[in-house]
Structures are given as structure tokens and as C-alpha cells.
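My entries follow the order in which I consulted them.

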Amino acid sequence: MAARFSPAALLLAALTPAAPASEPATPARLPVGDGRISDGPRKGYVFACPRGWFAPRFGAPGARATGAWFHGDTWNPLEKPHVQGHVLWPQARFGTAREQELLRLRGNGLPVGAPTGRFPITPDDPVWRYDTNPNAIRAQQIDLAIPLDPQPAPRPGCLPMGMIGVSLSGVPFYNALDEAGRDAAAQEIQDKCDGHPQQQGQYHYHSGSACLVGRESNSVVGWALDGYPILGMRDASGRVLWSADLDACHGRAETVVAAGRRYRYAYRLTPDYPYVLGCFAGQLPRGR
């Protein structure tokens, strides 16, 4: 019999608490990730699944203009504007259950305990000049079965343009690219929680949301589709981790205790591109 669903907060890792933060997790200048797309695993890049016969094709326009938060080949997240509004979602739900050797993740894709901005972006919002996202946030059925005992893949797998994992707030993680193949966190306008909806209304994050509990700690903040946990930006000593500290898939070998299991590998959020995952290190469940 499947276990009863538990609140998402119960999935936080039993890890050594982080030391007092001394280094800011959100620096003033970050390298823009535009063009950092690869056809295989490569540190600091997104290994994107092919969208054409031979290579990824990115042609959608994305955000229509850039702003003063860009400084040459860097951008300042502290200067980037956000979509206006503070919308709460009391109907949001997300839960987990163990089913034999699987961890079941179920929800409706709306953020539990966190607000969103007001979407679609309207002409009276100052960010309209940069991004005219016409999509409204809509509840989406999320029902995923990921392995409790994830196994390394013979070869790292590519990331699709869509869900690559789920946060503990119930909001999907997407890869770091927008529909034009650029650095979505830098180029697209999101709300204060770093989220926005796509064409079907699925609200999602391209990076480590500022509203995620555990984002700047050594705690689990979500799960990748291959079953490996995703941890926050700081290690057990409180040091901020960067892409250079991680492997090509944006993770590393370490012992993590979560969901009643011991894991020997985990992905990490970082302040810099590709932010969440660079590729799949583990074997994906059949059908994914």
C-alpha cells in the first residue's frame, strides 16, 4: 500500500546545518549564458536535446528587449526588474508518497506557500517594454514516479525544453534556456520568485527561485526527473557553490539523506548559469 502523502517540507534533507553566511549568494555581476549550449555534457553548458535533425533549433523570439541590467557579457540580477503583483494560490497542492521503489510526486503545479506575479504581463506593467508574456498561470496535473534508488546513466542525458525536475514548492524546474536558446534567467522577465508561465500556463523556474525554502542552505529544494535530489547553493560549511565546483551535469558526488534514503550524488543550485542542471546524470524512468 502506498504511504500517505506528506507535506513537502518533510522532504528537507537531514544535513549538517550551514555555517553563518558570509558570502552573498546573489552577486552583482553574473556571466550571461547566451550561446552556452552543447551537444554533449560540458561543464557550464546546457546539454540540450536536439530540436531538429542534427542540432537544436531555437527560433522563438523570447523577451523582446534587454535593459540596463546587462553590462556587456555580464548581467546584474539585483538591477533586473520583476513582473508586478503579489498573487497567492490557496488551492496549490504538492505531496509525495513512497510506492515500493519509487517516489511519487503529485501536485497541480501552483506554488505552495509562495506568491507569483500578475500574468499575463499587461501594458500598464513597466516590464511590458521588455517582455510581453501573454500567458496566464493555470493549474497543471503533475504526477511523476521517480526512482528512490537512482542509478548513474551510462552516458549523461540531454535536457528537454520543459520540465527537468520539481521543486518542493510544487513548481517545475525547466532548463536554463528560453525559447530563443538564450539565458532565460538573464533575458526573460520573471516575477519576484523568479518564475513565469509558458504557453500552456505551466508556471516554472529556470533558476534557483528566491522564494524556495532552502535555496541558500545545504538542504534539498527539489528532485530531478532521474531521481537525484537538488540541493541549495551552500555546502555544509556555508560556502556558496558555483558551476566551476560541479561536474558537467551541475552536480557532484556527496552523501545526502532525504525521503528516508541515502543518496550518493546530488545536483546543486548555483548563482551562475546553468543554475540548476546541465544534463541528466542518472537513468531516466521509462517513458521519459
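I began with Tyr 130 and found it buried in this predicted model, with a relative accessible area of 14%. Its value falls under the 20% limit, so the label holds.

I then looked up the aromatic pairs and counted nine in the structure. One of them joins Trp 69 and Tyr 130 edge-to-face, at 5.0 Å centre to centre with 80° between the planes. I noted that this pair links distant parts of the chain, its members being 61 residues apart. Trp 69 lies in the loop between strand E3 (46-47) and strand E4 (70-71), while Tyr 130 lies in the loop between strand E7 (102-107) and strand E8 (142-147). Trp 69 is likewise buried, at a relative accessible area of 1%. I recorded one aromatic cluster formed by Trp 69, Phe 70 and Tyr 130.

Next I checked a charge against a ring: the charged end of Arg 42 sits over the ring of Tyr 45, 4.0 Å from its centre.

I turned to the backbone. The peptide bond from Phe 119 to Pro 120 is cis, with omega near 0°, and I placed Pro 120 in the loop between E7 and E8. Tyr 273 and Pro 274 are also joined by a cis peptide bond, with omega about 5°. Pro 274 belongs to the loop between strand E17 (261-268) and strand E18 (280-282).

Tyr 275 is found in the loop between E17 and E18; I read a positive phi of about 75° for this non-glycine residue. Tyr 275 is buried, at 2% relative accessible area.

For Gln 100 I noted a positive phi near 55°. Gln 100 lies in the loop between strand E6 (94-99) and E7, and is exposed at 74%.

Conventions. Residues are numbered from 1 along each chain as its sequence is written. This is a predicted model: local features need pLDDT of at least 70, side-chain atom pairs count only at pLDDT 80 or more; totals for chains, interfaces and linings use all residues. Side-chain values use heavy atoms; hydrogens and water are left out. Rings of Phe, Tyr and Trp (its six-membered ring) pair if their centres lie within 6.5 Å; planes under 30 degrees apart count as stacked, over 60 as edge-to-face and the rest as tilted. Helices (H or I, at least four residues) and strands (E, at least two) are DSSP runs, numbered from the N terminus. Buried means under 20% relative accessible area, exposed over 50%, partly exposed in between (1.4 Å probe, protein chains only). A charge sits over a ring if NZ of Lys or CZ of Arg is within 6 Å of the ring centre and within 35 degrees of the ring normal.
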